[in-house]
Amino acid sequence: MVCPDCKVKQLTEALDLAADYDTILIKKGIYSSVNTEIKKQVVIMGENYPIIDGQEKDEVLVVKADNVTLSGLWVKNSKRGSMKDYAGIRVVDSRNVKIINCKLENTFFGIYLANSKNCLISGNHSKGANYGKSDTGNGVQLWKCDSITIENNHMEGHRDGIYFEFAHFCLIEKNLCEKNFRYGLHFMFSDSDIYRQNTFQNNGTGVAVMYTKNVEMYDNIFRNNWGDAAYGLLLKDISNSIIERNTFTNNTVGVTMEGSNRITFSKNNFASNGYALKVMANCIGDTFMYNNFTANTFDAATNGELRENSFKYNYWDKYEGYDLNRDKIGDIPFRPVSLYSMIIEQMPYAVMLLRSFTVEILNRAEKSIPGIVPETFQDYEPMMKPNVL
Amino acid sequence: MFKIAKYVMYDILRSKVLIAYSLFLLLVSFSLFSMEENSSKSLISLMSVVMIIVPLVSIIFSTTYFYNAYQFIELLVAQPISRSSILLGEFLGVSVSLLTALLIGVGIPVLIYAPDSTGFVLMISGFALTLSFISLAFFSSVAMRDKAKGIGMSLMLWFYFSVIYDGLVLGILFSFNEYPLEKAVIALASFNPIDLGRIIILMKMDISALMGLTGAVYKQFFGSSFGIIYSLSIMLMWIITPLLIALRIFKKKNL
């Protein structure tokens with residue numbers, strides 16, 4: 001047991017005294033901890049959030065043993081720098097580490113897992129130091145990890161809320177990432193991860209994921225990512241993935257896809273975005289089914305003919321077709337790309353004419369006799385009523 | 001001058017066209033606002049309507065009014081009143097009545113449903129457009145003696161500003177796509193009051209993020225205090241210049 005009035009006054013002393021499988025209980029108080037290494041398999045519990053203060057000198061806690069549990073700690077003030085990624089809690093080469101219900105404040109990186117397996121990060125709240133984009137680290141960073149569960153965390157004010165590199169077979173659930181300077185979620189080369197019921201909102205540029213396959217995203221919310229370069233979700237070189245039942249609202253671009261193949265989008269809700277979809281012509285074999293598109297300024301944009309992408313059973317609020325046989329599916333195909341969005345894609349300055357009468361006329365003309373918009377970008381079986389999601 | 005304006009206003013009020021116009025605007029605005037829960041969405045739709053209907057009605061109404069009041073103007077010219085005060089009086093009378101119609105038709109619904117800065121900017125643009133198209137109408141009706149020709153010219157002017165000009169802009173942008181056009185685009189917008197009015201409103205609506213880099217350029221320009229002063233003065237130019245030309249012609253004209 002550690003407390004300011006106890007025999008053991010510092011965490012480091014307690015660690016020296018402890019053996020494997022011991023539990024260290026820290027009572028409320030302020031403890032300085034500069035780069036404290038935890039090399040024994042211990043459980044460290046905090047009572048009423050004792051403050052573990054790194055005094056901006058180095059990292060705060062470094063876990064280098066398996067089966068370590070940290071819970072109820074309030075970790076503060078790591079150093080920041082551009083040469084080394086100083087973290088509030090760093091886990092290196094370990095297995096079965098649990099970090100539960102900790103608070104992190106003014107740390108450069110929040111929780112940093114390197115080369116670790118089977119860990120649980122749950123119920124933590126991390127608030128990044130507010131020094132602007134270049135001077136903050138990531139909320140949760142995983143590097144070369146495997147089978148990590150990240151759930152119920154709240155990340156704000158970091159560079160990236162959650163950042164993965166080479167993290168496989170992870171489960172990311174019910175997290176809230178908001179007001180991060182760059183991305184809410186950002187990963188590369190992280191195959192076979194599952195994202196469920198997370199909320200990414202008000203981030204500098206939304207969510208960007210790259211160079212990964214077998215990603216599954218269910219029931220996530222991407223909203224209010226509004227700005228010159230912001231998207232709800234940017235998919236770059238993602239393949240064989242499933243994106244289902246997500247909500248995209250009030251983003252400049254709901255989903256941008258570049259070089260992304262064999263992705264299934266189904267039952268997603270796109271509402272009130274600037275562009276709902278931006279699908280670049282290098283995306284092949286993607287499927288969009290049972291999605292709802294409502295109140296978006298542009299439903300879709302592209303920069304050329306799409307190959308082997310299919311759109312089916314989506315609901316588009318701009319659809320003006322009819323349903324003679326009453327099977328609830330429109331009888332004529334819907335082309336979500338308007339002529340004007342093609343024009344803007346080619347000459348951005350034409351945005352000057354946004355919502356002008358002439359543009360309306362051009363769009364109408366193109367709609368009745370399509371010639372310029374991509375032949376392949378159409379929903380052959382659009383729904384007459386919104387899909388029930 | 002003010003006396004003439006007063007007579008003109010009474011005359012217009014009697015003609016009922018103006019009442020129909022305000023009722024129409026009122027109906028459109030209320031139905032747009034009640035159709036959408038999100039008031040900013042309906043403001044955008046309302047903007048589209050205002051950008052087409054208001055210039056059209058302003059220019060056609062003023063032109064026909066001018067020709068219908070031609071005998072009255074001839075009578076006035078015979079009196080010891082300066083020609084400029086006759087024309088300005090007419091202008092004032094028509095302007096005040098059309099602005100009132102706009103205020104009732106669009107202003108009241110905006111005040112009820114969207115009393116924010118965007119709504120305010122929409123009203124300001126609507127007023128400026130009304131005034132500049134009345135001014136253009138006076139120009140064409142003074143320039144043409146024949147009523148049919150005058151109305152034709154007004155219609156052409158409206159068609160030019162709301163349709164042809166944008167087509168030309170598209171053409172220009174298409175031909176010079178390879179060049180940096182930031183400044184040129186702002187200049188192009190200044191040569192058409194409708195485009196200018198629309199861009200000012202869109203800037204206010206935070207829709208600019210949609211526009212990517214170009215939007216950022218616009219925002220930087222039109223969002224700055226210099227940009228606001230610039231656009232207001234350009235709008236003012238669009239009101240004053242045609243009126244001044246009309247005044248010059250009217251002074252020398254053989255009635």
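In the predicted model, helix α2(B) passes helix α3(B) in a right-handed crossing, a crossing being right-handed if the near helix is turned clockwise from the far one by less than a right angle, and left-handed if anticlockwise. The contact is formed by B:Val17, B:Leu18, B:Tyr21, B:Phe24, B:Leu25, B:Val28, B:Ser29, B:Leu32 and B:Phe33 of α2(B) together with B:Ser39, B:Ser42, B:Leu43, B:Ser45, B:Leu46, B:Val49, B:Ile53, B:Val54, B:Val57 and B:Phe61 of α3(B) (contact: heavy atoms within 4.5 Å). By class, 15 of these residues are nonpolar, 4 are polar and none is charged (nonpolar: Ala, Val, Leu, Ile, Met, Phe, Trp, Tyr, Cys and Pro; charged: Asp, Glu, Lys and Arg; polar: the others, Gly among them). The axes of α2 (residues 17-35) and α3 (residues 39-68) of chain B come within 9 Å and cross at roughly 165°. The two helices, α2(B) and α3(B), are therefore roughly antiparallel to each other.

Axes are lines fitted to C-alpha atoms, for helices over the stretch in contact, with angles from 0 to 180 degrees between N-to-C directions. Angles under 35 degrees count as roughly parallel, over 145 as roughly antiparallel, 65 to 115 as roughly perpendicular and the rest as oblique. Helices (H or I, at least four residues) and strands (E, at least two) are DSSP runs numbered from the N terminus.

The contact takes 25 residues from chain A and 35 residues from chain B. Across this interface, 0 salt bridges are found (a side-chain nitrogen of Lys or Arg within 4 Å of a carboxyl oxygen of Asp or Glu).

Over all chains, the count comes to 16 salt bridges. In chain A, the side chains of A:Arg182 and A:Asp160 meet in a salt bridge (2.7 Å, N to O). This pair links distant parts of the chain, 22 residues apart: A:Arg182 lies in the loop between β20 (176-178) and β21 (185-188), and A:Asp160 in the loop between β17 (154-156) and β18 (162-168).

Residues are numbered from 1 along each chain as its sequence is written, with chains lettered from A and ligands numbered from 1 in the order in which they are written. In this predicted model, local features need pLDDT of at least 70 and side-chain atom pairs count only at pLDDT 80 or more, whereas totals for chains, interfaces and linings use all residues; side-chain values use heavy atoms, with hydrogens and water left out.
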